[in-house]
Amino acid sequence: MAADETELGRKRRARRMARELAVTHPDAHCELDHRNPLELAVATILSAQTTDVRVNEVTPKLFARYPTAADYAAADRTELEGLIKSTGFYRNKADSLIKLGQMLVERFDGEVPRTIEELVTLPGIGRKTANVILGNAYDVPGITVDTHFSRLTQRWRWTTETDPVKIEHAVGALIERRDWTMLSHRVIFHGRRVCHARKPACGACTLAGDCPSFGLGPTEFETAAKLLKGPRVAELAEQARLYREAKGR
Ligand code: SF4
């Protein structure tokens, strides 16, 4: 794609890539286990500086012990800290969970609110977390800008912004609103499984034809395929092989 790509050209390319991502990652979803908005809010607070897998290990017991906002508000701090210790920064996180419970009870009748403006007033909940909650618990489209999302959208020249809120708005202008939540999951999956921070698997990537950063990682198929990660490595490699064949690469 030319350096002087027009806005319309960028939008078309971004939407093409978004469609390809949907085919490449049909299993993309919110990886934090939850059954309701409160559980998702709690899980996202716990996910700071740790993996979703680690969070999912502690939440079954936690959710059983504290089923409502009032339960967090009245929690015994030492007991709560013990339950979440393995997620790291457990003192701060326990503090956020207790304050979250208190504020939900005091200001929102114990319910997790449904607007970004209200969500970001809650302890431990920033814009990224608020968008996760809106998109996945309330079906309100939201773009989640995490480290993968920022890296990939910059590599793809969807935006030159580096500030998460500006990235969110820039990508929001390219992609249809109804697709925002699933796009976020798919971009994050692509970042985890294909387009790694250090060595992206360019030669085994189904976005190669539309990616201005193709060549950042190995472009030879066999070498690149070894860099793929996750439970669908074989499928990802096969999709990439077919893609290369179709493009005559
Ligand atoms: S071609 Fe390379 S840099 Fe571009 S999205 Fe694929 S893995 Fe990432």
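The centres of domain 1 and domain 2, taken over C-alpha atoms, are 30 Å apart in this predicted model. Domain 1 is made of two stretches, 1-28 and 144-244, while domain 2 covers 37-137.

**Where the domains meet**

- Eight residues from domain 1 and six residues from domain 2 take part in the contact.
- On the domain 1 side, helix 10 (164-174) and helix 11 (180-193) are the elements that each give two or more residues.
- Helix 11 supplies the largest share of that side, with three residues.
- Sorted by class, the domain 1 side that touches domain 2 has four nonpolar, three polar and one charged residues.

**The chain as a whole**

- The protein chain has 13 helices and zero strands, so every element you meet from the N terminus on is an α element, as the order α-α-α-α-α-α-α-α-α-α-α-α-α shows.- The radius of gyration of the protein chain is 20 Å, close to the 18 Å that the globule rule gives for 249 residues, so the chain is as compact as a globular protein of that length.
- Along the principal axes, the C-alpha atoms fill a box of roughly 65 × 35 × 25 Å.
- Of the 249 residues in the protein chain, 38% are buried.
- Among contacts with a separation of 6 or more, 58% are between residues 24 or more positions apart.
- An unreviewed UniProt entry carries the annotation "domain: HhH-GPD" for residues 46-193.
- That span, residues 46-193, is 65% helix and 0% strand, and its end C-alpha atoms lie 23 Å apart.

**The ligand and the cysteines around it**

- Which residues come nearest to the ligand? Of the 14 residues around the ligand, they are Cys-195, Pro-200, Cys-202, Cys-205 and Cys-211.
- By class, the shell around the ligand consists of eleven nonpolar, two polar and one charged residues.
- The unreviewed UniProt entry places the feature "binding site" at Cys-195, Cys-202, Cys-205 and Cys-211.
- Cys-202 sits in the loop between helix 11 and helix 12 (221-225).
- Is Cys-202 buried or exposed? Cys-202 counts as buried because 24 C-beta neighbours lie inside 10 Å, and the cut-off for buried is 20 or more.
- Beyond four places in sequence, the residues that Cys-202 touches include Ala-208, Phe-214, Leu-216, Pro-218 and Ala-224.
- Cys-211 is also found in the loop between helix 11 and helix 12, and with 21 C-beta neighbours inside 10 Å this residue counts as buried.
- Leaving aside neighbours within four places in sequence, Cys-211 is in contact with Arg-155 and Trp-156.

**Val-132, a buried helix residue**

- Val-132 is part of helix 8 (residues 127-137).
- Val-132 is buried, because 26 other C-beta atoms lie within 10 Å.
- Not counting residues up to four places away in sequence, Val-132 touches Cys-30, Leu-40, Thr-44 and Thr-144.
- For a sense of distance, Val-132 and Lys-226 are 94 residues apart in sequence and 31 Å apart in space, C-alpha to C-alpha.

- As background, most residues other than glycine have a negative phi.
- Phe-89 is not a glycine, yet has a positive phi of about 45°.
- Where is Phe-89? Phe-89 lies in the loop between helix 5 (77-84) and helix 6 (90-108).
- Phe-89 counts as partly exposed, because there are 15 C-beta neighbours inside 10 Å.
- Asp-139, a residue other than glycine, has a positive phi near 60°.
- The loop between helix 8 and helix 9 (147-155) holds Asp-139.
- Asp-139 is exposed, with 9 other C-beta atoms within 10 Å, and the cut-off for exposed is 12 or fewer.

Conventions:
Residues are numbered from 1 along each chain as its sequence is written. This is a predicted model: local features need pLDDT of at least 70, side-chain atom pairs count only at pLDDT 80 or more; totals for chains, interfaces and linings use all residues. Helices (H or I, at least four residues) and strands (E, at least two) are DSSP runs, numbered from the N terminus. Two residues are in contact if their C-beta atoms, placed from the backbone, lie within 7 Å. A residue is near a molecule or strand if its C-beta atom, placed from the backbone, lies within 6 Å of it. Ala, Val, Leu, Ile, Met, Phe, Trp, Tyr, Cys and Pro count as nonpolar, Asp, Glu, Lys and Arg as charged, and the others, Gly among them, as polar. Domain bounds come from an automatic or database domain assignment. UniProt positions are given in the numbering used here, feature names are shortened, and annotations may be inferred rather than shown by experiment. The radius of gyration is taken over C-alpha atoms; the globule rule is 2.2 Å times the number of residues to the power 0.38.
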